[in-house]
Amino acid sequence: MSRAWALALITFKEGIRSRSVYGIVLFALFILGLNVAVAGFFMRDIGKVTVDMNLSALSFSGLLLVFFVGLNLMAKDIDKKTIHLVLSKPISRVEYIWGKYLGILLFVGVCLLVLLSFSSATVFGLRLLYLDYFAPFSWGVFYLAAFFVFVKLALLSALVVFFSSITTSSFVTLIFSICSYLVGQTIEEVVFYLRSSLSEREISTTLQKFIEGVAYVFPNLSVFDFQIEAAHALAIGAGRFWTSLSYGTVYIALLLLAASLIFRRREFN
């Protein structure tokens with residue numbers, strides 16, 4: 001495990017040195033600054049809009065970090081054929097997978113914490129200016145929603161590692177990862193529609209079974225979405241909290257286990 005952690009630190013440092021990080025962070029800061037600039041136009045909804053924009057900025061910036069920086073941290077060893085040099089060291093393939101994943105997770109977590117600090121400052125400043133319109137607001141729910149943004153990004157990072165263990169191209173990994181994200185983000189609404197009485201006469205049973213099967217394979221990312229609760233300061237029940245966290249943890253563990261098994265049997269040219 002110490003070797004995996006050493007590789008994780010190396011991966012983290014490589015991520016921090018990436019020039020793409022600064023562009024993504026500046027983009028996120030621009031969105032947060034835009035929130036301050038346009039907040040006054042919403043007035044009675046200013047509290048809800050502020051929370052929505054801040055959490056959306058965190059989520060979207062995190063996606064960019066995972067798909068365009070984290071993916072490169074995992075795939076470049078294979079693309080550049082330096083994987084042979086890495087595996088010639090006293091480190092197993094399983095340790096390599098876990099070390100890379102922990103490094104990406106550490107990198108995304110640190111970047112998200114930095115952005116969250118700026119986001120908190122934005123919310124705090126606007127709350128001071130428009131205190132009357134922030135009555136239904138809870139810091140606890142806001143930070144809980146931000147935490148589940150991180151859980152979602154952790155799951156997507158595991159998907160990146162999983163697809164990287166299968167394919168030899170970072171572009172293919174990117175396509176698979178983005179497609180999985182899009183499916184996971186919308187699958188709950190699709191299944192809900194199929195199960196409603198409105199769709200019973202419009203869609204065949206075979207197609208319904210197929211989509212329900214897809215729902216079991218791809219991650220349901222909507223379980224990590226607490227933006228509505230944060231915007232309206234709604235309490236998050238312990239049952240939903242632990243269910244969402246357990247779902248994410250189990251899915252990540254299964255992806256990394258599968259990636260480890262595949263990577264152990266993979267041959268490199």
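Visitor: Why is V191 counted as buried?
Guide: V191 has a relative accessibility of 9%. The cut-off for buried is under 20%, so V191 counts as buried. This is a predicted model, and the value is computed from it.

Visitor: What makes I211 and A215 contacts of V191?
Guide: Contact requires heavy atoms within 4.5 Å. V191, which sits in helix α7, meets that condition with I211 and A215 once neighbours within four places in sequence are set aside. Along the chain, V191 and E212 are 21 residues apart, and their C-alpha atoms are separated by 6.5 Å.

Visitor: How do you know whether V149 is buried or exposed?
Guide: The relative accessible area of V149 is 8%. Buried means under 20%, therefore V149 is buried. V149 belongs to helix α6. Leaving out neighbours within four places in sequence, V149 is in contact with L58, S59 and L112. The C-alpha atoms of V149 and L112 are 9.1 Å apart, across 37 residues of chain.

Visitor: Why is K100 called buried?
Guide: K100 shows a relative accessible area of 2%. That is under the 20% limit, so the lysine is classed as buried. K100 is part of helix α5, residues 93-129.

Visitor: Why is N220 called buried, given its place in a loop?
Guide: The class rests on accessible area, with buried meaning under 20%. N220 has 15%, so N220 is buried.

Visitor: What makes the pair N220 and S222 a polar contact?
Guide: Their side chains come to 2.5 Å, which falls within the 3.5 Å limit. The pair therefore counts as a polar contact. Beyond four places in sequence, N220 is also in contact with G184, I187, E188 and Y247.

Visitor: Why is A233 called partly exposed?
Guide: A233 has 27% relative accessibility. Buried needs under 20% and exposed needs over 50%, so A233 falls in between and counts as partly exposed. A233 lies in the loop between α9 and α10. Its phi is near 55°, a positive value in a residue other than glycine.

Visitor: Which classes do C111 and C179 fall into?
Guide: C111 is buried, at a relative accessible area of 6%. C179 is partly exposed, at 40%, because its value lies between 20% and 50%.

Visitor: How many disulfides are there?
Guide: The search of the whole structure finds 0 disulfides. A disulfide would need a pair of cysteine sulfur atoms within 2.5 Å.

Visitor: What makes up the largest nonpolar core?
Guide: The core has 71 residues, of which L55, F67, Y101, F107, L153, L156 and V161 touch the most other members. At least two residues come from each of α1 (2-17), α2 (19-38), α3 (46-79), α5, α6 (139-166), α7 (170-195), α9 (227-231) and α10 (238-264). Helix α6 gives the most, with 17 residues. Not counting residues up to four places away in sequence, L156 touches L63, V66, F67, Y181 and L221.

Visitor: How confident is the predictor, and where is confidence lowest?
Guide: The protein averages a pLDDT of 84, and 90% of the residues score at least 70. Confidence is lowest in helix α4 (residues 83-87), with a mean of 70, and highest in α6, at 93.

Notes:
Residues numbered from 1 in each chain as written. Predicted model: local features only at pLDDT ≥ 70, side-chain atom pairs only at ≥ 80, totals over all residues. Heavy atoms only, no water. Helix = DSSP H or I, 4+ residues; strand = E, 2+ residues; numbered from the N terminus. Buried < 20%, exposed > 50% of the residue type's maximum accessible area, 1.4 Å probe, protein only. Core = buried A, V, L, I, M, F, W, Y, C linked by side-chain atoms within 4.5 Å. pLDDT = per-residue confidence, 0-100. Polar contact = N/O pair within 3.5 Å; in protein donor to acceptor, adjacent residues only side chain to side chain.
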